[in-house]
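Subject: A structure for you to look at

Hi there,

Here is the structure I promised to pass on.

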Amino acid sequence: MKGIRNYPTPPISRGPNQTKATTPEDKGNALRTELFQPPPQLDGIPDPDLTSRLPDDLPFQETSEEEIFNALTDTSNKSAPGPSQTSYQTIKWAWSHDQGKQLILTLIKKCLSAGYHPKLWRKATAIALRKPNKPDYSNPRAYHLITLLECLGKILEKVIACRLTHLASKLNLVPPNQFGGRAASSTADAILTFTNDVQAAWNHGLVTSALTFDIKGYFDFVNHKRLLHELRRKNLPLEYVKWTASFLSNREVAICVDGIRGPMHPVENGIPQGSPVLENTPYVPRANSIGVTAFFGLFPF
C-alpha cells in the first residue's frame, strides 16, 4: 500500500553445524526455537495461592456495560485480528444489536468474575517482523514476533488493564519514579524528570551521573510465578490474579513467516508481545522509564 516491496526472508540460521532453514515452516521453527525459549527458573519464589481470599485483598466489582463499551470504542477497525479472523469491526457490529450486546456482556462478565480466560482466546498468531538496520537477517535475533490475539479476548484485557492502572494510581501501589503502566504518565514525563534532576544538580554546582541499562528479551523472560506473587502481594482482587494465571497458561502460537502461517505449538515463555493488559500493567517486573531505567547520582564538582 505504501509502494514498498517486501522480499522473502533469507535462510535463517538454526545453530552451529546445522543447515539453514529455507522453507517458511522451517524458518518458523528456527524462530520459535530461538525466540520462544523457556524463561530461566528463579529460586525462592513460592507457588502463588490462587484459591484463598486474603483479609487485606481489595474488593472485586462486577464488570459494567460502560467499561466494555469504552474498551470497544478504544479500538481500531484496522487492527489485525487473531487466528479466528474475528475483527473489532465484527464485534462492534454484534454490539450494536441488543442480543449481541447481551451475549458479549454476559461472556466477559462471567470470565472476569470466574478469573478465567477461554482457551480459544489463548491461541495466537505471531508475525515475524524484521528489526530495522540489522547487519545479518539470517540471525533469528534480527526478528521480533508480534502476537496477534483474539480481538474479543483483548476487550477483556483492556477492561482489566484499565482497572489495574486505576488501582495503581489511586492506591500508590507502584513507586512514583516508575513511568510505565501509570495513568497520566508518559515518556515525556520521564524525560522532564531527568532533565530537571540534571539542571537542579548544575544549579548547586554538582555533577550528574546517569547509568542506563536495557533488559534483553524483556517480554520473553517475565517469570509467571514472580508476576503472580507480586499481584498477590499487592492485595489485588483474587479474580484478577486467577485470570492472569489462566491467561498465561496453556498458550499456543502459530508463527507466520513470509505470509505463510505454520501450525499451532505450545509456548511457555514470558508474555505475548501485543497483549493490551500485560504490556500496560504496572505490576509486570519491568525496567522502563525512558525505554531503560536510569539511576541518578549527584556528586560534588
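Below I go through what was found in it, one topic at a time.

Some ground rules come first. This is a predicted model, in which local features need pLDDT of at least 70 and side-chain atom pairs count only at pLDDT 80 or more, while totals for chains, interfaces and linings use all residues. Residues are numbered from 1 along each chain as its sequence is written, and side-chain values use heavy atoms, with hydrogens and water left out.

**The overall picture**

The protein has 9 helices and 7 strands. These are DSSP runs numbered from the N terminus: helices are H or I with at least four residues, strands are E with at least two. Of its 301 residues, 40% count as buried. Here buried means under 20% relative accessible area, exposed means over 50%, and partly exposed is in between, with a 1.4 Å probe and protein chains only. Among the contacts with a separation of 6 or more, 72% are between residues 24 or more positions apart. A contact means heavy atoms within 4.5 Å.

**The nonpolar cores**

A nonpolar core is a set of buried Ala, Val, Leu, Ile, Met, Phe, Trp, Tyr and Cys residues joined through side-chain atoms within 4.5 Å. In soluble globular proteins, nonpolar side chains tend to be buried together. The largest core here has 36 residues, and those with the most contacts inside it are Ile-68, Ile-155, Leu-156 and Ile-160. At least two residues of this core come from each of H2, H3 (88-95), H4 (98-114), H5 (151-171), H7 (224-233) and H8. H5 gives the largest share, 8 residues. If you click on Ile-160 and leave aside its neighbours within four places in sequence, you will find it in contact with Leu-112, Trp-243 and Val-277. Another core, of 18 residues, lies apart from the largest one and includes Ile-12, Ala-21, Leu-149 and Val-257.

H5 has 21 residues and reaches 30 Å from its first C-alpha to its last, close to the 30 Å expected at 1.5 Å a residue. That expected span is 1.5 Å times one less than the number of residues. Just after H5 comes Asn-172, in the loop between H5 and helix H6 (187-203). Asn-172 is exposed, with a relative accessible area of 59%. Asn-235 also has a positive phi, near 60°. Asn-235 sits in the loop between H7 and H8 and is partly exposed at 23% relative accessibility.

**Strands side by side**

Two strands pair if DSSP finds at least two bridges between them. Strand S1 (residues 123-130) pairs with S4 (residues 251-257) in the parallel sense over 5 bridges, and Ala-124 has Val-253 in S4 as its bridge partner. With S2 (residues 143-148), S1 pairs in the antiparallel sense over 6 bridges. There, Ala-128 has Leu-145 in S2 as its bridge partner.

**Aromatic rings**

How many aromatic pairs does the structure hold? There are 3. Rings of Phe, Tyr and Trp (its six-membered ring) pair if their centres lie within 6.5 Å; planes under 30 degrees apart count as stacked, over 60 as edge-to-face and the rest as tilted. The centres of the Phe-60 and Tyr-240 rings are 6.1 Å apart and their planes are at 75°, so this pair is edge-to-face. The two are 180 residues apart: Phe-60 is in the loop between H1 (24-35) and H2 (65-73), Tyr-240 in H8 (residues 238-248). Phe-60 is partly exposed at 22%, whereas Tyr-240 is buried at 6%.

Tyr-137 and Tyr-143 form another edge-to-face pair, with 6.1 Å centre to centre and 70° between the planes. Tyr-143 is buried, with a relative accessible area of 2%. Arg-130 lies over the face of Tyr-137, at 5.3 Å from the ring centre. For such a charge, NZ of Lys or CZ of Arg must be within 6 Å of the ring centre and within 35 degrees of the ring normal.

**One last stop: Pro-40**

Pro-40 is in the loop between H1 and H2 and counts as exposed at 51% relative accessibility. Pro-40 and Val-222 are 182 residues apart in sequence and 9.2 Å apart in space, C-alpha to C-alpha. Not counting residues up to four places away in sequence, Pro-40 touches Phe-221 and Asn-223.

Happy exploring!
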